[in-house]
Amino acid sequence: MKFPFYMLTMAIGIVLTVHLAMNSKVGAVLSNPRVGNALFWCIGAAAALLIGLSGWDAGALKPLRDVSPLLLTAGAIGACLVFGIAFLIPKIGASKLTLIMLAGQIVGGLFLSHYGLLGSPREPISLRSLLGTLVMFAGVILATS
């Protein structure tokens, strides 16, 4: 039964939106979104280290040599994404940003699943998923215009 996973995913989406708005607010209060974002990532790095160390074992990093260096750029990509979001929330609002960003995530998710990239189970794009995507895009347009 996947329903509990879907509900957890929904909760993560809510928390993600609130947390991104919090980062944006810090940047606004500091009158410098770049400094706010840097602070955000420093605190996040400290938390990630604590969480990582809680499950540490002696061989945890041995398989690191098998990880493509390209995959390790995800941290830098994440920092750029959060900076962009912190910049955009005051410009277009959290609701519009989240809806438009969701549309982009739908496209990205369809692409990753269609080709089974980055560990995603392969799910070819079907007429049903394409129609669902178009309905969601229509909803995003209605909600943001």
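Here is a short briefing, grouped by topic.

This is a predicted model, where local features need pLDDT of at least 70 and side-chain atom pairs count only at pLDDT 80 or more, while totals for chains, interfaces and linings use all residues. Residues are numbered from 1 along each chain as its sequence is written, and side-chain values use heavy atoms, with hydrogens and water left out.

**Overall picture**
- The chain has five helices and zero strands; helices (H or I, at least four residues) and strands (E, at least two) are DSSP runs, numbered from the N terminus.
- Its C-alpha atoms fill a box of roughly 50 × 40 × 30 Å along the principal axes.
- Of the 145 residues, 13% are buried, and buried means under 20% relative accessible area, with exposed over 50% and partly exposed in between (1.4 Å probe, protein chains only).
- Contacts (heavy atoms within 4.5 Å) with a separation of 6 or more come 52% from residues 24 or more positions apart.

**Confidence**
- The average pLDDT, the predictor's confidence in each residue from 0 to 100, is 89 for the chain, and 100% of the residues score at least 70.
- Confidence is lowest in α1, with a mean of 86, and highest in helix α5 (residues 127–144), at 92.

**Helix α1**
- Helix α1 covers residues 3–29, and its 27 residues reach 39 Å from first C-alpha to last, close to the 39 Å expected (1.5 Å times one less than the number of residues).
- Leu 20, Asn 23, Ser 24 and Gly 27 are buried in α1, and the buried residues of this helix pack against α2 (33–54), α3 (74–92) and α4 (94–115).
- After α1 comes Ser 31, with a positive phi near 55 degrees.

**The core**
- Leu 20 turns up again in the largest nonpolar core, together with Val 82, Ile 85, Ile 89 and Leu 97; α3 gives the largest share of this core, three residues.
- A nonpolar core is a set of buried Ala, Val, Leu, Ile, Met, Phe, Trp, Tyr and Cys residues joined through side-chain atoms within 4.5 Å.
- Leaving aside neighbours within four places in sequence, Leu 97 touches Ile 85, Leu 88, Ile 89 and Ile 92.

**Aromatic rings**
- Rings of Phe, Tyr and Trp (its six-membered ring) pair if their centres lie within 6.5 Å; planes under 30 degrees apart count as stacked, over 60 as edge-to-face and the rest as tilted.
- The count by this rule is two aromatic pairs.
- Phe 40 and Trp 41 are edge-to-face, because their ring centres are 5.7 Å apart and their planes sit at 80 degrees.
- Trp 41 is partly exposed, at a relative accessible area of 31%.
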